[in-house]
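Take a look at the fold before reading on.

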Amino acid sequence: MSGCRNARRGRIRSWTTALAAVSALALGAATARAGYTLIDLGGVPGGSAATAISSDGTVAGYEMMGPAQPHATLFLDGQGIDLGTLGGDASLALGTASGGRVVGWARLPDATRHAFLYQGGVMRDLGTLGGPNSQAFAINDAGVVVGSSWVPTQPEEVPMTWTEAGGMTTIAVPQVHGGQALGINDAGQVVGYFIDSVMVRPFLYENGAAHSLPTLGGAASKAYGISRGGNIAGYALTPDPVYPKFHAVIWRKGIIHDLGAMAAGHGSALAVNDGGIAVGFSYDANFNMVAVRWSEGSNVDLNQALPPGSPWHLSLASDITEDGVISGMGTRDGLARAFALVPDGYDGSTWGLATGFSMRAWPQPMRDAGTVELVLDRAMSGPLRLYDVTGRRVADLASGPFARGRYTIAVPSGVLAALRPGVYYARLDGEMGALKHRLVVVK
């Protein structure tokens, strides 16, 4: 979550006054319900979440394709695009930049975990610094990736950066027991944390040098995101020797500002924009996790922006653009879902449209039953059939025709029981070509 976010240019229009519109949300009023339109970004029945939003409004996150099996996902034009893995069973998208670029981690067949960069429809393994694992947390519009990697000389992970020209290199911070680089802006400023012999300390890395950021006096603090102009979001522990609390904080020009927390006393800011508006999570009086929007001197449970009787509960706000669009995760009717909050007064009509052209399937692998989802921006005649790797048709799933829209089609248990373990392809045929998706069947 780099924090260097702008608007969804070209798709949501007239956002030049978005910050003023966002400010119309009554920050100090616990009953405020105006200010945003909530957009359901979609997701499979196993659950979904949005972790970052790019400068052009593309949202990245994950969908649960099976138990403990997240897949990195790009939420684009009302559909979730499964980015796959590096040959293993899971992946997670943690940052995104303009042009549909996504970074995160993905498992390999040997169960190790490597940082990846997804662009142009391809997931690229960024490798490690010599240890078994790495992960990427953020990318800026110049294509610089930051994250962490294990190294051969010590068991802890260390902050790293990756560029096309230089590959993966260590970020020189005064770490003793490891650390992570968690955010980067378009100016190349990097934030994160390192661990010394006593504390977890936040840092800002710029002009080839790392500087510790001030804390609230407690034993731990982390910086998660940095805006285009250098505002930094994170958390810091209070110095209470009996019951320290973690508070959301922002740093401006090297000065820490305590944003506090909701009723239960704990909270963290994950991203901030140049207007000083931070988002993250906190806990209410019943210790329920809630998505929060902060500015200095006030905080708002974003659930208060929902209409009465809404089926949603917003648990975490993961990112915010410079113009105030918020991404995050919550539940709708008890099911985990990715969401976006679009400020009132802006055209959010296209966020929820199924204008893509894709096929997905879950769980992966399939054993007893499965589901294929179609998102069609034009009509297709069909049928939808299942083929083995030799091209032999093994089952008919749906006859068609299919109008423009979204379809969820069951793969019956009887069909799966009749198949041998292996790789198969679901294929939908139409006048303009075929749409297909890989399935793995196990017993």
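Among contacts (heavy atoms within 4.5 Å) between residues at least 6 apart in sequence, 47% join residues at least 24 apart. The model is predicted, so to speak of local features a pLDDT of at least 70 is needed, side-chain atom pairs count only at pLDDT 80 or more, and totals for chains, interfaces and linings use all residues. Residues are numbered from 1 along each chain as its sequence is written, and side-chain values use heavy atoms, with hydrogens and water left out.

The protein has 2 helices and 35 strands, taken as DSSP runs of at least four residues (H or I) and at least two (E), numbered from the N terminus. Of its 443 residues, 58% count as buried, meaning under 20% relative accessible area with a 1.4 Å probe, protein chains only.

The largest nonpolar core has 24 residues, and Met359, Val372, Leu374, Leu384, Leu386 and Leu428 touch the most other members. Such a core is a set of buried Ala, Val, Leu, Ile, Met, Phe, Trp, Tyr and Cys residues joined through side-chain atoms within 4.5 Å.

A second, separate core of 17 residues includes Ala90, Leu92, Tyr224 and Leu237.

Conventions:
Buried < 20%, exposed > 50% of the residue type's maximum accessible area, 1.4 Å probe, protein only.
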